Amino acid sequence: MATSDTKLADTDEKIFIGKGEETAWLTLALANRHGLVTGATGTGKTVTLQVMAEGFARAGVPVFAADIKGDLSGISEVGEAKDFILKRAKEMGLTFQPDQFSTVFWDVFGEQGHPVRATVTEMGPLLLSRMLDLNDVQEGVLNVAFRVADENGLTLIDMKDLRALLDAIAPDGSKKAADDEEDPLAPIRKAAQGYGNVSKATVGTIQRQLLVLENQGGAKFFGEPALTLKDFMRTDRDGRGIVNILVADKLMQSPRLYATFLLWILSELFEELPEAGDLPKPKLVFFFDEAHLLFTDAPKALMDKIEQVVRLIRSKGVGVYFVTQNPIDVPDKVLAQLGNRVQHALRAFTPRDQKAVAAAAQTFRPNPKLDTARVIMELGKGEALVSFLEGGGTPSMVERVMVRPPSARIGPITPEERKAIMDASPVKGKYDTAVDAESAYEIIQKRLAGTAAPADGSAGGEGGGILGQLGSIASTIFGTNVKRGRMSTGQVIARSVTRSVTDKVIGGVAADLGKSLGGSVGGSIGRALVRGALGGLLRR
């Protein structure tokens, strides 16, 4: 906290958030220590989020935020000098200066923003199991499917790829054992059974859960071109950070899809960004609205890994700010990582509510001048209790402040304004048209039709012709056809990667020269090493 006579404007080192007896400043160098914005519905959380996003953008820090109600979209348009805004600014000793911020809209469904896609391979079995609400046995079968896909060069891009793969690994009771040699998918089924019992009933259950996800619109999320996370980390021509808004009003109708999608983005950021140490300001600030959905019914193993990612992503220069109604919505291990706190009013009409208020008060560093629990229930709209990290990285004493008014528009924009922004977007055309590259579905169909190399990589005939010889040479170079004794974990991973590369390079030539393999090959190589940050951590 700074003294109240400090000039009330953002600087290169800090963001002005609000003013009471003391002035509330959010220090940019400590903004990657994460934060929490809480309060009951209608108390001003969205406006506070907008004020913080504007401050980061002014400082040149890109922002990603989910917009649940559509209100945050107003940040893209010039603010209006409405009476209540002018009144609040005058009470705080401010001169209201309208502003607007460069904005890119994203939408999983591609309706109100640029489509956001990921490949099934990028999502990985852990997060996909969470999205599908699978039990341990079903998650195990899904892990088997991903392993078989890696070993057989079957890139998983969209839902039809995953469905085709699940069909391929399911036991086929209609065939006799003697007929296995005539089954072009027999090597795949055999490989799957080598990792444990894969029952047709379990595969059928996963298929039904995929249908539920498709009915929720989740199928639109899987495909190519896949999102490049660097597109979230842009600045405009003035050096301001671009505000990336995920249109989430429709997405919120499927809470598990919403939470898993945002968790996937976090895990991808963790995996892709290099270590950055302590920076003068974050590389990106990520606002996770309705954060309680991330933790609801999450298994302990996933909770532990979420806590690890939140703790470790700080060193990548990313600040994560959870937005929810009550601090108790966030598990203690994660809450302990959130150093910057903004608490709006909570209502306490029942003994249970009163306990929640007391718990919220205990998350702050006490101020002898304030009865924190009482003040939480007395706060007016736009008021908040704040505690931001100070120079030594310790939280300041809690203070009661009035949050400054935003400079941009408060409230949603019109469809015409949204269209104009999307037409001028720096990523226009990059993601708007889906691409159906050759992947697992096409490869499996060709094997069934007898037009593609079987799963063992041979091309038929002695030596497999020139492609078979080329594959043999490549396999020898990479060492994937050399029998070995017991291998270390690193050797197993390396062998899996080189097999996938070899299968892709050789199989791509034999399959269809007209298909583009660039995106799927790149994704396959990276995810064979570690399939998303959470999946990689879970296997450690």
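Predicted model: local features only at pLDDT ≥ 70, side-chain atom pairs only at ≥ 80, totals over all residues.

Biologist: Why is R409 called buried?

Modeller: R409 has a relative accessible area of 14%, and buried means under 20%, so R409 is buried. Across the protein chain, buried residues make up 53% of the 540 residues.

Biologist: Where is R409 found?

Modeller: R409 sits in the loop between strand 12 (399-403) and helix 14 (415-423).

Biologist: What makes the link between the side chains of R409 and E417 a polar contact?

Modeller: The two side chains are joined at 3.0 Å, and the cut-off for N or O atoms is within 3.5 Å, so the pair counts as a polar contact.

Biologist: Which residues is R409 in contact with, leaving aside neighbours within four places in sequence?

Modeller: Q50, G74, I75, E77, V78, G79, E80 and E417.

Biologist: How do you know that K250 lies over the face of F109?

Modeller: K250 is at 4.7 Å from the ring centre of F109. The distance limit is within 6 Å, so that value passes; the ring normal has its own limit, within 35 degrees. K316 lies over the face of F270 too, at 4.5 Å from the ring centre.

Biologist: What makes F64, W106, F232, Y258, F286, F288, F295, F322 and Y431 a cluster?

Modeller: Ring pairs link them, and rings pair if their centres lie within 6.5 Å. The structure holds 15 aromatic pairs.

Methods
Residues numbered from 1 in each chain as written. Heavy atoms only, no water. Helix = DSSP H or I, 4+ residues; strand = E, 2+ residues; numbered from the N terminus. Buried < 20%, exposed > 50% of the residue type's maximum accessible area, 1.4 Å probe, protein only. Polar contact = N/O pair within 3.5 Å; in protein donor to acceptor, adjacent residues only side chain to side chain. Contact = heavy atoms within 4.5 Å. Phe/Tyr/Trp six-rings, centres within 6.5 Å; stacked < 30°, edge-to-face > 60°.
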